[in-house]
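Have a look at the fold before reading on.

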Amino acid sequence: DIACGEGYGCFLLKQAGADRVVGVDVCSETVQRAKTAFGAPGLEFIAADALALQRIFSPGEFDVVVSIETVEHLADAQSFLRAIMRVAGENAVIIVSCPNDH
């Protein structure tokens with residue numbers, strides 16, 4: 001879960017049956033709140049920039065990649081989407097949303 005915020009979405013993914021959920025957010029204070037609120041086996045939270053995914057994770061590491069309302073905040077959306085593709089497995093499900101406010 002890229003730009004996981006305080007971790008509620010990660011918690012829901014874990015509750016839905018995921019073996020392992022990793023939340024990434026640029027704000028270390030927010031990540032600490034996520035760890036406090038939702039830290040549990042199979043839930044991991046990392047403070048990092050969304051464009052740094054390929055430095056943190058192995059190619060093809062994830063079966064599902066989720067990023068809700070993140071891409072519209074980034075200066076380089078194409079690099080972000082390429083980073084997602086690198087960490088997603090061959091048959092991964094990728095869910096990206098952004099508001100339609102134009």
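In which loop does Thr70 lie? Thr70 sits in the loop between strand 3 and helix 4 (77-87), with helices (H or I, at least four residues) and strands (E, at least two) taken as DSSP runs numbered from the N terminus. Bear in mind that this is a predicted model, where local features need pLDDT of at least 70, side-chain atom pairs count only at pLDDT 80 or more, and totals for chains, interfaces and linings use all residues. Residues are numbered from 1 along each chain as its sequence is written, and side-chain values use heavy atoms, with hydrogens and water left out.

Thr70 counts as buried because its relative accessibility is 6%, the cut-off being under 20% relative accessible area with a 1.4 Å probe and protein chains only. Its side chain has a polar contact of 2.9 Å with the side chain of Ser67 and reaches the backbone oxygen of Ile2 at 3.5 Å. (A polar contact is a pair of N or O atoms within 3.5 Å; within protein, one must be able to donate a hydrogen and the other to accept it, and residues adjacent in sequence count only if both atoms are side-chain atoms.) Skipping neighbours within four places in sequence, Thr70 is in contact (heavy atoms within 4.5 Å) with Ile2, Ala3, Phe80 and Ser97.

Terms used. Buried means under 20% relative accessible area, exposed over 50%, partly exposed in between (1.4 Å probe, protein chains only).
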